[in-house]
Amino acid sequence: MSPRSTSPRSTSRRTALVAAVLAAVIAAWPAAAYVIYLRDGSKIIAQEKYVVRDGRAYVTLQNGTRTFLDAGEIDVARTERANRDNL
């Protein structure tokens, strides 16, 4: 049996397809983030919605670092609205 040969055209198409898929994944990455707005006007970009326990909001940042802040610092209404409307 002979090995399958690939023409330059099919290799080029495959490369273009892989590049397009990769570009789509990279473009969608920020959309997967959860934005937390604070009362002082700043914002935190997290991987997902924060969890509140004992007055603390526990957050996983985009780089995987886990941290917390006082839950009262969060502008809950703005945060909920922004993530609902995907702003």
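Colleague: Quick one to start. Is tyrosine 34 buried or exposed?
Modeller: Tyrosine 34 counts as buried, because its relative accessibility is 11%. Buried means under 20% relative accessible area, exposed means over 50%, and partly exposed is in between (1.4 Å probe, protein chains only).

Colleague: What kind of model is this, and which pLDDT do local features need?
Modeller: It is a predicted model: local features need pLDDT of at least 70, side-chain atom pairs count only at pLDDT 80 or more, and totals for chains, interfaces and linings use all residues. Numbering starts from 1 along each chain as its sequence is written, and side-chain values use heavy atoms, with hydrogens and water left out.

Colleague: How many helices and strands does the protein have?
Modeller: There are 2 helices and 5 strands. From the N terminus the order is α-β-β-β-β-β-α. These are DSSP runs numbered from the N terminus: helices are H or I with at least four residues, strands are E with at least two.

Colleague: Back to rings. How many aromatic pairs turn up in the whole structure?
Modeller: The search finds 2 aromatic pairs. Tyrosine 34 and tyrosine 50 make an edge-to-face one, 6.4 Å centre to centre with 65° between the planes. Tyrosine 34 is in strand 1 (residues 34–37), and tyrosine 50 is in the loop between strand 2 (43–46) and strand 3 (51–53), 16 residues apart.

Colleague: What are the cut-offs for a ring pair?
Modeller: Rings of Phe, Tyr and Trp (its six-membered ring) pair if their centres lie within 6.5 Å. Planes under 30 degrees apart count as stacked, over 60 as edge-to-face, and the rest as tilted.

Colleague: And tyrosine 50, buried or exposed?
Modeller: Tyrosine 50 counts as buried, at 10% relative accessibility. Then there is the pair of tyrosine 58 and phenylalanine 68: the centres are 5.8 Å apart and the planes are at 45°, so that pair is tilted. Tyrosine 58 sits in strand 4 (residues 56–60) and phenylalanine 68 in strand 5 (residues 66–70), 10 residues apart. Tyrosine 58 is partly exposed at 28%, and phenylalanine 68 is partly exposed at 43%.

Colleague: Which residue lies over the face of tyrosine 58?
Modeller: Arginine 53, at 4.7 Å from the ring centre. Tyrosine 50 has a charge over its ring too: the charged end of lysine 49 is 5.9 Å from the centre. The test is NZ of Lys or CZ of Arg within 6 Å of the ring centre and within 35 degrees of the ring normal.

Colleague: What else does lysine 49 do? Which residue forms a salt bridge with it?
Modeller: Glutamate 80, with the closest N and O atoms 3.0 Å apart. Glutamate 80 is in helix 2 (residues 76–84) and lysine 49 is in the loop between strand 2 and strand 3, 31 residues apart. Glutamate 80 is partly exposed at 29%. Lysine 49 is partly exposed at 42%.

Colleague: How many salt bridges in the whole structure?
Modeller: The search gives 2. Aspartate 85 and arginine 84 also meet in one, at 3.4 Å from N to O. A salt bridge needs a side-chain nitrogen of Lys or Arg within 4 Å of a carboxyl oxygen of Asp or Glu. Aspartate 85 is partly exposed at 41%, while arginine 84 is exposed at 62%.

Colleague: New topic. Which residues make up the largest nonpolar core?
Modeller: It has 10 residues: Tyr34, Ile36, Leu38, Ala46, Tyr50, Ala57, Val59, Leu69, Ala71 and Ile74.

Colleague: What is valine 59 in contact with?
Modeller: Setting aside neighbours within four places in sequence, valine 59 is in contact with Ile36, Ile44, Ala46, Tyr50, Thr65, Arg66, Thr67 and Leu69. Contact means heavy atoms within 4.5 Å.

Colleague: Last one. Where is aspartate 54?
Modeller: Aspartate 54 is in the loop between strand 3 and strand 4. Its phi is positive, about 50°, although it is not a glycine. Most residues other than glycine have a negative phi. Aspartate 54 is exposed, at 83% relative accessibility.

Definitions and conventions. A nonpolar core is a set of buried Ala, Val, Leu, Ile, Met, Phe, Trp, Tyr and Cys residues joined through side-chain atoms within 4.5 Å.
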